[in-house]
Amino acid sequence: MPLNIYNSLHKQIEEFTPINDREITMYHCGPTVYDRVHIGNLRSFFLADTLRRYFEFTGHKVKQVMNITDIGHISGDADFGEDKMMRLLKRKGLEINLKNMLSAAAEETEQFEKDLEALNILHPHVLPKASDHIKEQIAMIQQLIAKEISYVTKHAIYFDVSKDPHYGALGGLTTSGQEENSRIEESEKRNIQDFALWKFDEMGFDSELGKGFPGWHIECSAMSIKYLGEEFDIHTGGIDLKPIHHNNEIAQACCSTDKNFAHYWMHGEFLNIDSEKMAKSLGNMFTLADLEEKNISPLALRVLFLQAHYRSVLNFSWDALEASSNLLSGLYKTIAKCIYDDLRQKSSLDAVQILVEDYKTSDILSGYQNDLNTPQSFSQFMRYIGEEPAINYDSRYKTILMLKFDDLFGLKFKEVDSTTKKFLTQEKTVALIYERNKARLNKDYQKSDELRDELLAENIACEDGKDESFYFPAKILGVSLQ
Ligand code: AMP
Ligand code: ZN
């Protein structure tokens, strides 16, 4: 079945056809590294990861590029005003200069990469920094100058939107954000929607354009083209970037190359809190550090994200996250139970591979093919997990299904499988379990309780049934199974 996705460029669901079958090319607007990303930002990177995982799961090769904005991003969509990177320097009490700006940004970038890893977001193949690509941005600006699409003022080199008949291809044009520029440049700016390609600034980079910084939008046009070519398959970003940043990216790229730039544009909706966008400026944001404080695994956030369609607003609450965390714990426990059964019976999962029939796979995938409808797929997956198979292979069948879909959902089922095996086969654990089962058989409950505590010290918990006990890791990948 083909993949159908909503293309913001044409405002309709379209069948996805890559430019080149050998490799699917994708660009994602990444973070401005002036502070730790919040879980709203992470939702937009989760969309990028979901796409990549789907393509790889269905046998495609993918090249993924995500930019790191480490210079020149002003709050809101303005060209002038409070620079987010300046805020970082002030917060850290560092002297305001370019060198400090770049080294502080490098530290934040490192934290960002750790956050991606914690959420099991596959590392993009290229993570280019705006500050490392000044040459490419200048080259694009020079092309625009040569085509007389820009003009120079005292403050900046501007893109003249009236020279681009296709300006605003994505729609949703707004003048908010640019009003600030207009106030600053009142007499010099030609059109309210004109935006800075290069801003003159004594602190900035030396260049043939004059000392300064690139405007915020040019980095994405220049770096996506450098790594993916003048036309590539998919461009993603949060919905807030569509009206200005993405319309400007398209204008710069298309006017400088006379090509079509990205073929499909996908926009992720917000993570809200109390019906408001989660944003640093609103002071209503949480980071992965807040999850850690509450002992909630970042993978529980993945479960929460999976259960919402990327084009729907998701309202964040700790209760919803707790529920996702419990769901994850239940899934992990199912795997652990299966492994314990297997080790005890010395049988192998391979014997029941057949239980995950092809139709189940295509049934689960059909949600993804329906405009990346992860909640549809995930609930179908959960239905199969919850269903009682006719034959008595219950937990094995479920485990195989989980292992099969691990790479698609990114919930680390394979790691749970291998780590549980390691825990349960440790010599000391095996001996303690043997002793405990014997004590229970002999109705020596005091000894059995002592052994239970000893096992717990080895991170092994137990549940006692009427006839037999079941042993599993008490905590795995930061998720409690008890
Ligand atoms: P920024 O660091 O502000 O450039 O944002 C990085 C990415 O996060 C962009 O794609 C934004 O659209 C996205 N983003 C920011 N806030 C939210 C939110 N509350 N929910 C979802 N995505 C967001
Ligand atoms: Zn961008």
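The largest cavity of this predicted model holds about 110 Å³ of space. A cavity here is a set of points, on a 1 Å grid over the protein atoms alone, where a 1.4 Å probe fits but cannot get out; its volume is the space filled by probe spheres set on the points, which are joined across faces, edges and corners. As this is a predicted model, local features need pLDDT of at least 70 and side-chain atom pairs count only at pLDDT 80 or more, while totals for chains, interfaces and linings use all residues. Residues are numbered from 1 along each chain as its sequence is written, and side-chain values use heavy atoms, without hydrogens and water.

Select R43, S44, F46, L47, T50, G268, E269, F305, A308, Y310, L372 and T374, which line the largest cavity; lining residues have an atom within 4 Å of a point. Helix 1 (residues 39-57) contributes the most to this lining, with five residues. Helices are DSSP runs (H or I, at least four residues), numbered from the N terminus.

Next, select V33, D35, R36, V37, E108, Q111, F112 and D115, the lining of the second largest cavity. About 40 Å³ of space lies there. By class, this lining has three nonpolar, one polar and four charged residues; Asp, Glu, Lys and Arg count as charged, Ala, Val, Leu, Ile, Met, Phe, Trp, Tyr, Cys and Pro as nonpolar, and the others, Gly among them, as polar.

Finally, select S366, in helix 11 (residues 358-369). S366 is buried, at a relative accessible area of 17%; buried means under 20% (1.4 Å probe, protein chains only). Beyond its neighbours within four places in sequence, S366 is in contact with M1 and Q376, contact being heavy atoms within 4.5 Å.

Note on methods
Chains are lettered from A and ligands numbered from 1 in the order in which they are written. Helices (H or I, at least four residues) and strands (E, at least two) are DSSP runs, numbered from the N terminus. Buried means under 20% relative accessible area, exposed over 50%, partly exposed in between (1.4 Å probe, protein chains only). On a 1 Å grid over the protein atoms alone, a cavity is a set of points where a 1.4 Å probe fits but cannot get out, and a pocket is an open set with protein on both sides within 12 Å along at least five of seven lines; lining residues have an atom within 4 Å of a point.
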